[in-house]
Amino acid sequence: MNIKNIVTGVYKDLTGHWKHPAPGNFVSYKEIVNLGLGGMGNNFTMVLVGYMGLNAGNTLLGSTIGIRPLHLQYMLTVQTVLNVLFFFIRAHIVDNTRTKWGRFRPYIAFMGIPLAIMSVIFVFLPFQTMAYNDKLICVFVFAITISMIQPLFTDTYSELQTVITPNSEERAKVISINSIIFSAAPTITGLFVPILSNLTGGYTNINTYRYVLAPVTVLGLALNFFTAFGCKERVVTSSSYVQKVGIIEGTFMILKNKHWWIRQIAGLIGFLESATGVFFGWIYIYSVQDMTAYGILNTVMGTASGIAMAITPFLLKTLGNKKLLIYHNLLNIIFLIILMFTFKIPIIMFIIMYMNNLVNALSIVYNQVMHSEVKDYQQYICGYRMDFVFGLAGMVTMPITLATGYVIPYVYECFGLTTNYDILYDPNVRNTLFMVLCILAIIGAVLNLIPFCFYSMSKEKHQNIIRVLRYRALFDDYETGSFNADIIKNGVEAVNSGLELSSSPTPDLKALKSNIKYAPKGAAKEEARKVYAKAKRFAAEQAEVGIFMEEYNKFDTPLWQDKVKNAKRLIAKDVNTLSELDASIINEAKHLPKGTKDERVLRKYYIVQAKSILKTGSLIKRNYPNGIIKPDEDELHAAYAMPERTSEENRIKKAAIKRIESQFNLYYKTIAPYAAAQKLVHSYENKENVMIWAKAHYDEACEIIHSRENEKSDEKTEKRHLAERRNK
């Protein structure tokens with residue numbers, strides 16, 4: 001009966017919200033399916049491109065074409081360095097993209113085409129008759145060109161998932177369902193490609209890539225349009241101009257993000273964890289030599305990811321990111337240890353790798369959610385929302401990544417894997433190499449786990465960070481005179497729930513747990529368990545509410561009162577007078593007392609402010625010799641309102657927006673410390689007024705949201721009645 005109810009509930013949910021999202025949500029199931037179909041297309045398009053990656057385990061470049069592992073790593077080093085330049089070019093292109101489809105979807109639709117063309121041309125080159133140096137040149141040129149274009153296709157798809165909904169819980173659900181749908185692509189290729197490769201000579205024969213993988217790549221191009229034209233980008237923006245953060249400035253801000261550093265360090269020291277990734281393919285290519293069995297088992301292996309993606313949202317809700325990540329890594333270590341003693345027996349190896357793939361696939365969903373949480377934390381500590389800048393910040397650790405990348409290729413060459421991988425047909429060589437790779441993977445998994453023991457972003461902490469961001473959003477809307485029903489409703493509810501958590505007594509969990517023990521069996525014991533579970537969740541949330549209360553009460557502390565006094569002194573002057581100050585203000589800040597924690601915080605704050613003021617003075621002298629003049633906002637709005645019906649109109653509109661936005665960017669960059677002081681003083685003066693204003697408009701905001709949801713429901717009902725009348 002329960003199963004029947006679940007199936008009925010799922011069916012009603014799917015049919016009821018196929019075209020229109022559920023109340024409180026933003027994405028319909030139809031849009032999620034479109035996102036997943038585009039993901040399948042993305043995977044199909046990249047299937048051949050993936051075999052052109054510059055890594056030592058690559059069967060196309062290594063075993064088939066015959067490029068040495070260390071030479072592949074040398075080329076990868078050059079490619080990684082060039083990617084720094086490519087990043088700036090791509091960031092400039094994407095950041096200046098404005099179309100009626102948004103920033104990301106045009107690239108999803110069309111950037112797969114040059115990737116498919118280049119990868120198909122590459123595999124049809126006459127490598128059999130080429131000298132080794134000619135092969136190196138061809139591989140290098142194609143790999144570098146593809147690496148420049150590929151992120152415009154793959155990264156834009158990933159970024160679309162982060163802006164498809166502003167609701168964090170819905171985002172986890174969307175990513176999970178989407179992952180299940182698009183994972184059908186590797187499942188299909190994992191089944192049929194190995195079987196078809198029997199007809200073309202296997203993965204060591206170039207014909208497999210020409211006549212099996214190339215058609216799959218072309219097939220994927222059509223599916224990308226489901227995402228490009230069937231999804232929306234939902235970015236919440238202010239009606240007034242929003243100051244942009246420079247790429248370099250944003251990078252330095254990210255470098256202060258401790259949670260970002262933990263993720264980076266884990267990746268840096270855990271680079272060996274993926275050493276066993278070649279086992280499954282290599283054992284069936286060089287040991288079992290049965291591509292039909294490989295295709296079938298590869299398909300079965302794909303179900304592990306599907307199971308993981310389906311259960312991850314429930315695990316996230318129960319455990320939170322940190323606990324799930326730690327359990328995942330612990331299980332990964334255990335499975336790698338078992339694999340070290342079982343890889344010689346293919347069927348047992350398959351079972352262990354299946355279980356290991358299942359737990360590893362949990363990260364497909366929770367890594368994306370965790371990445372979003374790190375972005376939320378970044379917005380919490382610096383006040384700006386940043387996306388693409390995280391890619392540049394990650395390049396700070398590039399030298400370490402490049403150095404560690406030589407370890408696995410060096411190990412391969414020590415075992416004789418150079419231009420001929422046929423040595424893997426020898427079981428003695430193969431088994432010894434696999435044993436070494438197992439040991440390296442275990443070391444990598446242990447090292448990867450250690451940093452996350454210091455990761456403090458719990459589910460409850462993130463909830464309170466979101467509470468703070470919603471509270472701050474009320475100030476922004478109040479000061480700009482905007483009215484956003486969602487911001488008012490969410491902000492008021494966030495504040496009320498935070499104050500309730502703070503003022504409520506802490507539950508006596510010990511007593512409630514004791515009640516379970518002594519409660520009579522049956523309904524009473526079950527009720528005692530529910531009461532305990534609810535109290536435990538409440539206590540966990542209450543333990544982190546200090547994050548919100550610190551923000552809510554910050555102007556009552558001497559530290560912030562001192563900052564406000566300083567800000568008032570600064571804005572009492574004309575902004576143009578900042579150009580008259582010299583380096584002595586930095587020396588004054590450096591000589592401030594630093595005996596207590598608050599004194600050290602203030603000293604650091606004033607040093608940073610003094611440096612920013614000097615920068616402002618320099619910018620005023622250089623760009624505003626006759627005094628600062630704020631650009632005309634009416635001109636900006638007029639540029640946004642320009643028509644774009646033709647390509648020429650679109651070009652003119654882009655040029656107009658770019659020109660006026662560059663003026664605003666320079667203006668806000670110039671007055672940065674002055675504007676920050678103004679915002680601080682306004683926030684201090686408006687604290688009481690903001691909440692009075694928000695609470696006064698709360699009922700109105702709720703009515704607007706309710707009406708919006710009813711309109712969607714009425715529209716759906718009307719369409720159904722029209723369809724019924726047509727059928728009659």
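**Close-up 1. The side chain of Thr 342 and the backbone of Ile 338.** In this predicted model, the backbone oxygen of Ile 338 sits 3.0 Å from a polar atom of the Thr 342 side chain. Thr 342 belongs to helix 14, which covers residues 291-342. Leaving aside residues up to four places away in sequence, Thr 342 touches Ile 348, Met 349 and Ile 352.

**Close-up 2. Helix 2 packed on helix 9.** Here we're looking at helix 2 (residues 29-50) and helix 9 (residues 184-200), whose axes run 8 Å apart at an angle of about 40 degrees. The two helices are therefore oblique to each other. On the helix 2 side, the contact is made by Met 40, Asn 43, Phe 44 and Val 47, and they meet Ala 184, Ala 185, Pro 186, Ile 188 and Thr 189 of helix 9. Sorted by class, that's 7 nonpolar residues, 2 polar ones and no charged ones.

**Close-up 3. Helix 28 and its buried residues.** Helix 28 takes in residues 597-623, 27 residues in all, and spans 39 Å from its first C-alpha to its last. That's close to the 39 Å you'd expect at 1.5 Å a residue. Which residues of helix 28 are buried? Leu 602, Tyr 606, Ile 607, Gln 609, Ala 610, Ile 613, Thr 616, Gly 617, Leu 619 and Ile 620 are. The partners that the buried residues of helix 28 pack against are helix 26 (558-571), helix 27 (584-590), helix 30 (647-670) and helix 31 (672-696).

Notes. Residues are numbered from 1 along each chain as its sequence is written. This is a predicted model: local features need pLDDT of at least 70, side-chain atom pairs count only at pLDDT 80 or more; totals for chains, interfaces and linings use all residues. Side-chain values use heavy atoms; hydrogens and water are left out. Axes are lines fitted to C-alpha atoms, for helices over the stretch in contact, and angles run from 0 to 180 degrees between N-to-C directions. Helices (H or I, at least four residues) and strands (E, at least two) are DSSP runs, numbered from the N terminus. Angles under 35 degrees count as roughly parallel, over 145 as roughly antiparallel, 65 to 115 as roughly perpendicular and the rest as oblique. Contact means heavy atoms within 4.5 Å. Ala, Val, Leu, Ile, Met, Phe, Trp, Tyr, Cys and Pro count as nonpolar, Asp, Glu, Lys and Arg as charged, and the others, Gly among them, as polar. The expected span of a helix is 1.5 Å times one less than its number of residues. Buried means under 20% relative accessible area, exposed over 50%, partly exposed in between (1.4 Å probe, protein chains only). A polar contact is a pair of N or O atoms within 3.5 Å; within protein, one must be able to donate a hydrogen and the other to accept it, and residues adjacent in sequence count only if both atoms are side-chain atoms.
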